[in-house]
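Morning, everyone. Please have the sequence and the 3D view open while I talk.

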Amino acid sequence: MRVTILAAAGQIAELVTQNLMTETDDQLTLVAREADSRLTITDAERENLVDLDVNDVNKLAATMRGEDLVLLATSPDERMANSVIKAMDQAGVSRLIVTGAIGVENEVPGKFGEWNRRMGGGLLAAVADGFHAIENSDLDYTYLRMTWLYNDPRKKDYVITEPGEPQPGVQVTRTAVANFLTHLIKSGANDYQRASIGIYEPGSDRYDKPTFY
């Protein structure tokens, strides 16, 4: 499979890249600003670095041509979402996976929902606009609503909430998210198409906010 990873210098993107390089034979195009200084290639035959602003639609489309799948490894606002949609349409690529944010569907219940809305503020509204742009596009998207993130490579388990279900879990590790994304890509990315799903750490639904706050 040929996979383009946008915002490839982020922590989750780097974990997914490491997994795919170890566990698959996929060809990876890693897109980031100042990619040469922020990313390191481990196999020049399988990895290609592209220094690019994802809002540059024409250059992004040229980069994506011939790819099978795009992973947008950041929660986009409306401008970024529309840039990616236009570029993918120009390139003739339809499969998109997005590491998005909880709360974009007002799906977070109880005291945690109140806390999340307060902490998210105006940023949550901007990300929600990006989600709706993707939702209303013609792409075969999977929007992964990630709850609050932290680092602990020992904690790899996760719970997936199906489309339309409440999202009660308050936290999840970046390792767990990367493992889910890796599994989805390795399996052909056929699951959860045109769907918004959630991910959280088992047992974290019993808290009112992340344990690290």
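Predicted model: local features only at pLDDT ≥ 70, side-chain atom pairs only at ≥ 80, totals over all residues.

Salt bridges come first. How many does a search of the whole structure find? It finds six. Take R2 and E67. Their side chains meet in a salt bridge, 3.1 Å from N to O. R2 lies in strand β1, and E67 lies in the loop between α3 and β4, so this pair ties together parts that are 65 residues apart in sequence. Now check the cover on each partner. E67 has 8% relative accessibility, so it counts as buried. R2 has 38%, so it counts as partly exposed.

Next, D53 and R33. Their closest N and O atoms are 2.9 Å apart. D53 is in the loop between β3 and α3, while R33 is in the loop between β2 and α2. The two are 20 residues apart, and the pair links distant parts of the chain. D53 counts as partly exposed, because its relative accessibility is 28%.

Then E107 and R145. This is another salt bridge, with 3.1 Å between the closest N and O atoms. E107 sits in the loop between β5 and α5, and R145 sits in strand β6, so the pair joins parts 38 residues apart in sequence. Are these two buried or exposed? Both E107 and R145 are buried. There is also a third member here. E105 joins E107 and R145 in a network of salt bridges.

Move to Q27. You will find it in strand β2, which covers residues 27–32. Q27 is partly exposed, because its relative accessibility is 27%. Which residues does Q27 touch, leaving out those up to four places away in sequence? They are M1, R2, V3, E45 and R46. E47 is 20 residues from Q27 along the chain, yet their C-alpha atoms are separated by 6.2 Å.

On to the rings. A pair of aromatic rings is described by the distance of the centres and the angle of the planes. In this model the count comes to nine aromatic pairs. One of them is F180 with Y192. The centres are 6.2 Å apart and the planes are at 55°, so this pair is tilted. F180 is in helix α6, and Y192 is in the loop between α6 and β10, so the pair ties together parts twelve residues apart in sequence. F180 is buried, because its relative accessibility is 3%. Y192, at 24%, counts as partly exposed.

F112, W115, W148, Y150, F212 and Y213 form one aromatic cluster. M119 belongs to helix α5, residues 110–135. With 38% relative accessibility, it counts as partly exposed.

Last stop, helix α6. At 1.5 Å a residue, its 13 residues should span 18 Å. The end C-alpha atoms are 18 Å apart, which agrees. How many of the 13 residues are buried? Ten are, so α6 is mostly covered. Among the buried ones are R174, V177, F180, L181, L184 and I185. After the helix comes G188, whose phi is positive, near 100°.

That's my tour. Over to you.

Note on methods: Residues numbered from 1 in each chain as written. Heavy atoms only, no water. Helix = DSSP H or I, 4+ residues; strand = E, 2+ residues; numbered from the N terminus. Buried < 20%, exposed > 50% of the residue type's maximum accessible area, 1.4 Å probe, protein only. Contact = heavy atoms within 4.5 Å. Phe/Tyr/Trp six-rings, centres within 6.5 Å; stacked < 30°, edge-to-face > 60°. Expected span 1.5 Å × (residues − 1). Salt bridge = Lys/Arg side-chain N within 4 Å of Asp/Glu carboxyl O.
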